[in-house]
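Student: Could we go through the charged side-chain pairs of this model together, reasoning step by step from the coordinates?

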Amino acid sequence: MTQVSVSPARLIGRIDRNMFGGFVEHLGRCIYGGLYDEGSPLSDANGFRTDVLGLLRDLRMGVLRWPGGNFVSNYHWTDGIGPRDERPRRPELAWHDEESNRFGTDEFLAYCAELGTEPCICLNMGTGTLREALDWIEYCNGTGDTHWANLRRANGHPEPYNVRYWGLGNEMYGEWQVGALSAEEYVREATRWARAIKMLDPEAKLISCGLNGWNDWDQTVVDGLAPFVDYHSVHLYTGSDDYWTNVLQPHQAERAIATTKALLQRAAYAHDLDQAPRIAYDEWNVWFRQHGAGLEERYSHADALAVGTYLNIFVRNCDWVTMANLAQMVNAIAPIVTAADGVAVQPIYYPVLLHARAALDAGADTHVDGPAVSPALPPDASRWGHRIADLGPFTVVDAASSVTDHMDRVAVTLVNRSPEPEETRIVLRDFVFSGPAAVTTVTEGPADGGDLPGIAAARVTEGTEDLSGGAVVLTLPPQSFTVVEAAITRE
């Protein structure tokens with residue numbers, strides 16, 4: 001049996017809705033033919049696929065990152081404003097394609113408004129200039145009688161967009177990035193940009209480029225930019241055809257968060273900052289099968305368990321991870337897949353949906369005691385080569401929990417990675433359950449149950465569980481994701 005002990009009064013930190021964020025890039029069919037499909041009978045007057053909009057609205061994303069990703073390092077935003085038929089068509093270097101520029105800044109910000117989601121715009125630090133970045137911010141946020149603010153008004157948008165989140169480039173450490181920089185070069189350039197951006201818009205929240213926290217790049221960048229930025233990013237993907245590697249590799253995110261946190265704390269102390277920058281885990285997902293042809297990954301149920309574990313990890317670290325962006329949202333390594341006549345969700349959609357629905361105001365301390373696994377995994381057990389054997393053993397049930405500010409309700413998210421059912425007992429410390437629990441469980445669906453050919457199905461069941469000896473006792477199905485929600489009161 002597994003026991004999950006939740007301490008509602010031992011809070012980790014507040015849960016920022018930006019933790020449930022997304023990311024869309026001009027890559028394959030993510031934008032064109034995905035969320036934006038001019039001329040489709042399934043699109044509205046703006047060209048937005050309404051079926052996709054509905055599914056993304058349900059995810060309640062706090063923030064949506066755009067336009068990249070690798071794409072942004074050769075993207076010039078002025079190509080994507082004004083009359084669509086007059087916008088230039090450009091070579092696209094990151095993904096070896098052509099960019100029509102029919103979806104640009106105004107379209108993206110209109111899309112965020114439709115979703116009720118805050119935008120996060122990544123700036124071009126590859127082939128772009130500081131002047132170009134400042135002009136973009138002025139176009140989005142300017143309130144004065146200035147050129148770019150007036151051009152926004154002339155383009156039909158009289159009010160400023162008030163974009164708060166701006167990324168200082170994307171993965172500028174990578175040889176795959178147009179205009180890649182050394183860490184020292186990046187610090188010098190990003191410092192110049194950060195100072196100027198804050199002069200133009202003191203409310204701007206800036207994100208520095210990070211990798212995974214355990215490399216020289218992150219140490220140099222955090223040491224240099226901590227006084228100038230609000231977030232430092234982490235990018236880390238996992239995935240493997242080996243089941244146990246696949247479902248356990250997300251724990252590598254805990255290493256990335258811990259090492260990045262240490263670097264940020266060190267820099268905050270060295271620079272005498274009132275508060276260290278927080279972590280924007282602004283690219284994460286299971287991704288290992290497709291690395292060409294639009295990255296149209298087909299996800300399995302095991303991948304959904306890995307995604308549920310990632311989100312548990314973010315909740316358990318909500319004091320430091322205050323933004324996280326699933327990469328990506330439509331077609332390209334995405335939970336949503338479109339066809340000309342319809343749309344389907346992949347198995348990874350469900351843990352994202354249920355986490356976003358269930359998450360309450362603050363993360364609560366949660367301890368799991370139960371059967372564990374210690375797989376001896378070789379370093380090359382996946383495409384990414386993320387070694388995790390040294391992080392184990394891992395309990396077969398992974399858990400996180402959150403509570404309301406009034407501490408009258410709790411939500412517990414549980415991932416049973418075991419191929420066997422696991423009897424699980426949820427107990428509270430200094431609190432008691434004050435009624436039956438609502439239980440929602442995701443298990444593997446029938447092989448032919450997907451809404452589109454080649455898309456795996458999932459089965460979602462809902463019910464209630466009565467108390468047993470003051471605890472919620474339930475049998476978690478094999479390889480399942482479960483959300484338990486209940487009213488609570490102090491003892």
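The questions below concern salt bridges in this predicted model.

Student: Is glutamate 296 buried or exposed?

Tutor: The side chain of glutamate 296 meets that of arginine 29 in a salt bridge at 2.7 Å, N to O. This pair links distant parts of the chain, with glutamate 296 in the loop between strand S10 (278–286) and helix H9 (301–316), and arginine 29 in the loop between strand S2 (21–23) and helix H1 (50–58). Arginine 29 is partly exposed at a relative accessible area of 28%. Because the cut-off for burial is under 20%, glutamate 296, with a relative accessible area of 18%, is buried.

Student: How far apart are the closest N and O atoms in the salt bridge between glutamate 114 and arginine 57?

Tutor: Glutamate 114 lies in helix H2 (residues 105–115) and arginine 57 in helix H1, so the pair ties together parts that are 57 residues apart in sequence. Glutamate 114 is partly exposed at 32% relative accessibility, and arginine 57 is partly exposed at 36%. The closest N and O atoms of this salt bridge are separated by 3.1 Å.

Conventions. Residues numbered from 1 in each chain as written. Predicted model: local features only at pLDDT ≥ 70, side-chain atom pairs only at ≥ 80, totals over all residues. Heavy atoms only, no water. Salt bridge = Lys/Arg side-chain N within 4 Å of Asp/Glu carboxyl O. Helix = DSSP H or I, 4+ residues; strand = E, 2+ residues; numbered from the N terminus. Buried < 20%, exposed > 50% of the residue type's maximum accessible area, 1.4 Å probe, protein only.
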